[in-house]
Amino acid sequence: MLKRENILLVDDDINILELLQRHLQSMDYHTYKAVSVKEALYVLKDTFIDLLITDIQMPEVDGLQLLKFTDEHYPEIPKLVITGYPSVDGALEVIKSGATDYLTKPFTKEELRQAVQKAFEHGKSRKAVKSKTVTANKSVHNEMIGESEAFHKITDVIERVKNNKATVLVKGESGTGKELVARAIHYSGKFSRAPFVAVNCGAIPENLLEAELFGYVKGAFTGANENRTGFFQAAEGGTLFLDEIGIAPLTVQTKLLRALQEREITKVGARKSEKVDIRVIAATNADLLTDIKENRFREDLYYRLTVVEIQVPPLRDRKTDIPLLVDKFLFKYGVEYKDRLLKISPDALAVLKRYNWPGNIRELENVVQRAVIMSDGAITLKDLPEALKFQINFPENDFKPLREMEKEYVQRVLLHTQGNKTKAAEILQIDRKTLREKLK
């Protein structure tokens, strides 16, 4: 049985939403409704959407902003606009924002059907072109974003592995976005319709991890009152993401190795094994080679996991991506907390670009989220944490001798006063004789 396409409908007019829903459901589409851009973002984040249909004229954040955001973060989704205010300029703006086409209110059911079919056809042709190359400034998955060389090295590997089930190990510091890489591999490939199951091995007690991963049969241990499917079987046909794999106890590592080698698992308490068809992506911020030397991690499992290895760089090594990430978080939290789009001042952005971000992207997102909450409008220096402003690590070549700094400052003051030494001396709070000596 073919899976029905998911269509997201966005309009502040509930009557239009219900009309669209009735028409599309009669065409055997599955629909989601949102009365604002804010609601639409929540749906896009949590649901696999095949087509976006949106109005333009909406309060607070309008449909054009939603189109632009979707085109950047969910480029694979075709977009159809419904508007009651058609014009040549408006149509051009809609198309430039990433929409496939637009439909003018009022419209018939047959006009809607044709527009939807056209949008899906356009989406298929766009995917065919996109599969041949990675766009220079857009991600292969809705949550990833960047334009740095380090970022493109990652997206290049993602493109190469997305359509096969090779095991992948993602390495990187905490907060660098290792799970986003795993999700990008899964959702940008041909297995995206199958489940993506994320498991944090560090969040599950050691004595329960084996049962959670592989499942158990009734009576296997105290409290096992029924048969239970584990995460391996829950991810059938798709991807199992094992975060913090280095924390898994050796007993679990042994069963993981067998599952990867034989493509089969044995539930706790069971006598027979069962076949599984999944891709495993593991992630770690630990040095597994050191763990191997100290007998905390199996060497054979390590090499089984590293069929493909992806090293996610820390944010300090991809600072050119900071403005893009800041824009993404400003949109997300500006809409969520303030119901509008927010900007950031150049000096505040400069501080964010110079900070070394020991907490990586997660820390940056938290800082932007706090700044949005604290701001009265555009994000400025006053909205940033004091600790951030005073812990900037300046490059060594930024430091200059005091004599050189004094010279530059005096020159700036003279430029400001257009060479008037009396005014310059007043600003510098020195007498003219001292100024003449400094000029010599």
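Predicted model: local features only at pLDDT ≥ 70, side-chain atom pairs only at ≥ 80, totals over all residues.
The side chains of D321 and R318 meet in a salt bridge, with 2.8 Å between N and O. In the whole structure, a search finds 21 salt bridges.

**Salt bridges**

- Side chains of opposite charge can pair when their charged atoms come close.
- E406 and K438 form another salt bridge, their closest N and O atoms lying 3.0 Å apart.
- This pair links distant parts of the chain, 32 residues apart: E406 sits in helix 17 (residues 402–416) and K438 in helix 19 (residues 432–439).
- E406 is partly exposed at 38% relative accessible area, and K438 is partly exposed at 39%.
- E179 and R183 also meet through their side chains, at 2.9 Å from N to O.
- Because they are four residues apart in helix 7 (residues 178–187), E179 and R183 are separated by about one helical turn.
- E179 is partly exposed, with a relative accessible area of 30%, and R183 counts as partly exposed at 26%.
- R258, E264 and K275 are linked in a network of salt bridges.

**Helix 1**

- Helix 1 covers residues 14–26, and its 13 residues reach 18 Å from first C-alpha to last, close to the 18 Å expected.
- Which residues of helix 1 are buried? They are I16, L17, L20, Q21, H23 and L24.
- After helix 1 comes D28, which has a positive phi, near 75°.

- Five strands form an open sheet in the order 2-1-3-4-5, with parallel pairing.
- Strand 2 (30–34) and strand 5 (101–104) stand at the edges with a single partner strand each, so one side of each has no neighbour in the sheet.
- From one strand to the next, the twist averages 20°.
- Strand 1 (residues 6–10) runs parallel to strand 2 and is joined to it by five bridges; L9 has K33 in strand 2 as its bridge partner.
- Helix 2 (residues 37–46) lies across strand 1 and strand 2, at about 165° to strand 1.
- Helix 3 (residues 63–73) packs on the sheet as well, touching strand 1, strand 3 (51–55) and strand 4 (79–83), and its direction makes about 160° with that of strand 3.

How values were computed: Residues numbered from 1 in each chain as written. Heavy atoms only, no water. Helix = DSSP H or I, 4+ residues; strand = E, 2+ residues; numbered from the N terminus. Expected span 1.5 Å × (residues − 1). Buried < 20%, exposed > 50% of the residue type's maximum accessible area, 1.4 Å probe, protein only. Pairing = 2+ DSSP bridges. Axes fitted to C-alpha atoms, helices over the stretch in contact; angles between N-to-C directions. Contact = heavy atoms within 4.5 Å. Salt bridge = Lys/Arg side-chain N within 4 Å of Asp/Glu carboxyl O.
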